[in-house]
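Please look at the sequence and the model below before reading on.

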Amino acid sequence: MKKDSIKKGEQIAPPSGKLGILIPGIGGAVSTTFVAGVELIRRGLAEPIGSLTQLGAIRLGKRYEHRAPKIKEFVPLAGLEDIVFGGWDIYEANGFEAALYARVLKREHLDPIKDFLGGISPMKAVFDRRFVKNLDGTHVKSSAGLAERLEELKADIAEFKARNGIDRLVMIWCGSTEVHQKPQEIHQSAAALREAVNRNDQRIAPSMLYALAALESGIPFINGAPNLTIDIPAMLELAGNNGVPVAGKDFKTGQTLMKTILAPGLKSRLLGLEGWYSTNILGNRDGLVLDDKDSFKTKEESKLSVLEYILQPHLYPSLYKNYYHKVAINYYPPRGDNKEGWDCIDIFGWLGYPMQIKVDFQCRDSILAAPLILDLVLFMDLAQRSGMSGIQEWLSFYFKSPMVQENLYPEHDLFIQSMKLKNTLRYLMGEEQITHFGLDYYMNTCEPCEEPKK
Ligand SMILES: NC(=O)c1ccc[n+]([C@@H]2O[C@H](COP(=O)([O-])OP(=O)(O)OC[C@H]3O[C@@H](n4cnc5c(N)ncnc54)[C@H](O)[C@@H]3O)[C@@H](O)[C@H]2O)c1
């Protein structure tokens with residue numbers, strides 16, 4: 001992405017017309033909670049709690065200026081009324097049936113929008129059981145070749161767009177976590193990947209075909225799961241060539257959200273860490289998928305990396321060199337989507353004296369994920385209209401394993417991520433960056449610290 005290709009302020013194309021949200025995995029717990037939630041909010045039946053784009057404000061200028069507009073009034077975002085939903089799933093259930101199955105939202109929230117949810121029927125999915133071993137849906141495309149499947153996905157997209165009179169699209173993967181994959185030679189360039197598709201290479205995961213369909217159609221792609229999918233040079237090359245933004249991966253919701261809130265605090269006070277034991281019990285379909293060791297490995301890698309990057313043991317060996325970090329997920333059906341995440345944290349302070357912190361987060365996975373999806377699709381649409389392409393690192397705030405350029409390490413600290421996001425919005429709208437410089441108001445050369453007294 002070149003600096004002068006970025007449009008700012010009034011140069012950014014306005015969000016006129018309809019915005020289509022395409023979701024692989026539209027019948028899942030997260031997707032149905034997101035779609036139902038947006039419709040309830042549109043009808044004035046609920047509040048968009050947890051969504052930065054809908055409820056967040058952004059400070060502008062000096063503190064004494066008292067300027068803090070709502071983000072949705074500051075940057076040109078699509079309105080909720082302009083959103084149209086579509087997607088694919090390996091199960092045929094419509095949006096209402098799928099939401100009932102997910103057991104996240106109560107009937108009092110689903111019944112008033114039964115007509116709307118019932119009208120959302122998933123398109124037939126591209127699926128391969130080798131990549132998600134614990135599911136076996138039948139609502140899948142029957143074509144044998146990968147190239148044919150890719151063309152079918154692109155035709156689905158074009159048909160969805162035309163049928164609904166849509167102007168712009170964003171695709172977000174909310175499908176199951178696929179088995180662990182390391183980048184291989186077929187992932188190293190756009191040409192190698194395309195060639196692998198054409199010769200039906202069995203190492204190409206379904207999520208990659210959806211991503212290819214999006215990128216080849218000029219549609220921004222977001223990865224909500226920890227799958228490799230777009231985090232490979234081939235996809236980044238394609239995104240760059242086609243001027244398309246991408247973001248991922250793995251929504252940062254329950255336990256990892258807590259971890260990236262707590263760990264930066266401990267580190268900023270230079271408290272040492274001896275061990276961090278994290279375990280989860282989870283009983284939804286995601287939990288069932290993660291009960292397979294190969295899908296769990298994908299998730300585990302995503303969950304484990306955050307502490308290493310936040311604590312930087314190479315800079316603070318006496319505090320963080322040898323801590324023990326363990327993450328487990330146990331499938332426990334009675335809990336459904338209401339995950340319980342326990343953290344036992346062994347820290348040490350002055351003169352090495354030990355202390356313990358216990359966190360027991362009784363959360364709701366999809367309730368935490370839904371507002372992230374809303375923000376991500378709206379911000380990615382903004383990125384596209386602003387001429388931003390490739391990795392959107394400013395959206396790291398939303399991910400457990402933020403994608404970054406090859407020579408960089410990911411930024412996991414939630415507070416740095418939040419500053420990064422807001423400063424990017426300020427940059428786009430031609431406002432001054434806020435650095436929280438400690439002497440800003442106190443040096444002789446600076447402006448007066450307060451408004452003049454009347
Ligand atoms: N809920 C959270 O807090 C959270 C956080 C981070 C990541 N995630 C990830 O988000 C994804 C969705 O989570 P969920 O709880 O909704 O899971 P879910 O199992 O309820 O939903 C996933 C859906 O994807 C469908 N699917 C699987 N493979 C598909 C394919 N190839 N094409 C189309 N559809 C396909 C499944 O049938 C299912 O309906 C998972 O990968 C999960 O790991 C969720």
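In which sense, left-handed or right-handed, does α7 pass α9? The crossing of α7 past α9 is right-handed. The model described here is predicted.

- Helix α7 covers residues 146-164 and helix α9 covers residues 206-216; their axes come within 9 Å and cross at roughly 55 degrees.
- On the α7 side, the contact is made by L146, R149, L150, L153, K154 and I157.
- On the α9 side, the contributing residues are L209, Y210, L212, A213 and E216.

**The open sheet**

- An open sheet is formed by 4 strands, arranged in the order β8-β7-β9-β10, and its pairing is mixed.
- Its edges are β8 (324-331) and β10 (354-362), each of which pairs on one side only.
- From one strand to the next, the twist averages 10 degrees.
- Strand β7, residues 272-282, pairs with β8 in the parallel sense over 8 bridges.
- W276 stands opposite H325, a residue of β8.

**Helices packed on the sheet**

- Helix α11, residues 255-268, lies across β7, β9 (340-348) and β10.
- The direction of α11 makes an angle of about 15 degrees with β9.
- Helix α13, residues 293-311, also packs on the sheet, where it touches β7 and β8.
- Between the directions of α13 and β8 the angle is about 150 degrees.

**The shell around the ligand**

- The ligand is surrounded by 37 residues, of which G25, G28, A225, T253 and R285 are the closest.
- At least two residues of the shell are supplied by each of α1 (29-42), β2 (83-89), α12 (285-290) and α15 (365-385).
- The largest share comes from α15, which provides 4 residues.
- In composition, the shell around the ligand divides into 19 nonpolar, 13 polar and 5 charged residues.

Methods. Residues numbered from 1 in each chain as written. Predicted model: local features only at pLDDT ≥ 70, side-chain atom pairs only at ≥ 80, totals over all residues. Pairing = 2+ DSSP bridges. Axes fitted to C-alpha atoms, helices over the stretch in contact; angles between N-to-C directions. Contact = placed C-beta atoms within 7 Å. Left-handed = near helix turned anticlockwise from the far one by under 90°. Near = placed C-beta within 6 Å. Nonpolar A, V, L, I, M, F, W, Y, C, P; charged D, E, K, R; others polar.
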